[in-house]
Amino acid sequence: MNSMKLIKYFMITALCSVLLSACATSKKGAVLEGDVYAGNETVEYLATGVKDRVFFATNKSTLTTASRDTLRKQAAWLRKNGKISVTIEGHADERGTREYNLALGERRANAVKDYLMTYGISGKRLAVISYGKERPVNNGSTPLAWSQNRRSVTVKAD
Amino acid sequence: MIKKFLILTLIFISFSSKFSYALVEIDITRGNLDPLPIAVSPLFVHKNNLKNKEFKEIGAKISEVIEGNFKRSGLFNPLSKESFVQEPEIAHLKPRFEDWKLIKAQALVTGKIELENEKLRVEFRLWDVVAAKEILALAFTTVPNNWRRVAHIISDKVYQRLTGEKGYFDTRIIYVSEAGPKNARIKKLAIMDQDGSNNKYLTLGNELVLTPRFSPTNQLVTYLSYFKNLPRVYLLDIETGIQEVVGDFPGMTFAPRFSPDGKKIIMSFAEGGNSDIYTMNLETRVVEKITDHPSIDTSPSYSPDGKYIAFNSDRSGLQQIYVMRSDGSNVKRVTFGNGLYGTPVWSPRGDLIAFTKVRKGRFYIGVMRTDGSGERLLTENFYQEAPSWSPNGRVLIFYRETKSNAKGEGFSAKLWSIDLTGYNEMQIETLTDASDPSWSSLLTK
């Protein structure tokens, strides 16, 4: 190879390794990806391998890749168990005004409901309730606690 | 129950023909670092009632409640009774102003109570000690159980005479009483006099209740309840205890308030991830949709003339405050500062909007003009929100929560108040933890 190509080759390799190492943000023990909780504490299971909840960034109701993966599994489980209905709870952390958090919880729960419906689950099986910031799962006032509280939980209806 | 909150006969008789200009004056628009020294003489008992031990104590109790009101306002410095030279009976007829000047009093309140035909008759006078003149004299009649309201009414009259503004002492506060760990909080609706007395619970704590508000007539309350796990706006009649759900909405309704004429409830209705503002006429039951936007619209607040509504919307991407006409037209954003804005509340005077602001992880209570200009932050904290105005638009009550540790210990929620001037910030004592306070209008119209 001539020297220009060699330099290019090294630069591309260097760039790639920088990018790849940047992608490895999830070091062992780090449970926050950006602002979204990515750990398994507080997570319960509707069935083997089917997590019951997804998490959100501050003030947001967008579903992350991990969330969508969880919800696809929930949808599959709901398809297999056609008689089960669920209630989707929307929650917010304590770092916001109470009334807005009620609305935000409702928005988060509906984001989950809409996604499940795109996988063919009837809306009639999916009730929605917002608890705003009233029912934290972690009573602490730390960024970790807040991230665990920004959640939407799918609960089997009685 | 009814008797406690209604004055049977409230006839104000002004029995002094002289209304002199006051040399004693308080400016409540400026921070008051020099509270006015005022002496409140215990109200003396008519000689016909001297044998009634219980009744005798009422005169002293009334003066103590008045002193408490004055002290908490930050504008007055009630002087210690131990220094009073003149007997209450004599002072009420003709004070020796030199004696009162000696203890540095600038104003003096005296009064008399009489029990006749099971009714309580009250007479009081306000004296300008500096000018050596009587400047206010009033009499009224009520039931003896209302002696606390007597004290609050006198406080309001004195406040009004000396400041030129209506008072705020004959009022109540409705709030949410809280107990238990954060993840299993028991919440009840509670009501108390603005000085913390007469605390009563209006719900049992079996379901989550939030954000109560008084109607302008003070007999109804609206709030959010999770009764049967269905979050909806309810009405509660304070006297009868009867609760009813507002309207027939197929989803969560929340953030309710009354219109200034008391005829409508305004609130948010959430459906499919979107929250819009609706009103319902309590008489006709007609429901009107006021905002129509895919963003979250909540925390509505009417201007006192009912023509405008301030509200919280994230249509710009983050929580900001908007003002629109009460039919929903002409929506204008009014907050543009750095940070999030929420809980707008229009002052009863119509000139200001109070709000909660969140910036860099800190919470602020502030006020601004109704076009969003003149933003003034009054207090900063780890967490505080939801200001509510006193009926004279001079004091704000709100609530604060403390930071808990990683285990959730150290958490508490308490009510606080602060003057519009930014002075006189203080905690309001409640028997339990408390949040979501709302101030009634004056009970005496």
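A word on conventions before I start: residues are numbered from 1 along each chain as its sequence is written, and chains are lettered from A and ligands numbered from 1 in the order in which they are written. Since the model is predicted, local features need pLDDT of at least 70 and side-chain atom pairs count only at pLDDT 80 or more, whereas totals for chains, interfaces and linings use all residues.

Let me begin with the helices, where helices (H or I, at least four residues) and strands (E, at least two) are DSSP runs numbered from the N terminus. In chain B, the axes of helix 2 (residues 53-73) and helix 5 (residues 147-163) come within 9 Å and cross at roughly 45°, the axes being lines fitted to C-alpha atoms, for helices over the stretch in contact, with angles that run from 0 to 180 degrees between N-to-C directions. That makes helix 2 of chain B oblique to helix 5 of chain B, given that angles under 35 degrees count as roughly parallel, over 145 as roughly antiparallel, 65 to 115 as roughly perpendicular and the rest as oblique. Among the residues of helix 2 that meet helix 5 are Ile58(B), Val65(B) and Phe70(B), and the helix 5 side includes Trp147(B) and Ile154(B), where contact requires C-beta atoms, placed from the backbone, to lie within 7 Å.

Turning to the strands, two of them pair if DSSP finds at least two bridges between them. Strand 4 (residues 107-116) of chain B runs parallel to strand 1 (residues 36-40) of chain B, joined by 3 bridges, and Ala39(B) stands opposite Leu108(B) there. Strand 2 (residues 44-45) of chain B is also parallel to strand 4, through 2 bridges, with Phe44(B) opposite Lys112(B). With strand 5 (residues 119-128) of chain B, by contrast, strand 4 pairs in the antiparallel sense over 10 bridges, and Glu114(B) has Arg121(B) as its bridge partner. In the hairpin of strands 4 and 5 of chain B, which has 2 residues between the strands, Asn117(B) takes a positive phi near 50°.

Finally, the partner chain: 34 residues of chain B are in contact with 23 residues of chain A. Several strands of chain B each supply at least two residues of the side that touches chain A, including strand 10 (209-214) and strand 26 (384-389).

How values were computed:
Two residues are in contact if their C-beta atoms, placed from the backbone, lie within 7 Å.
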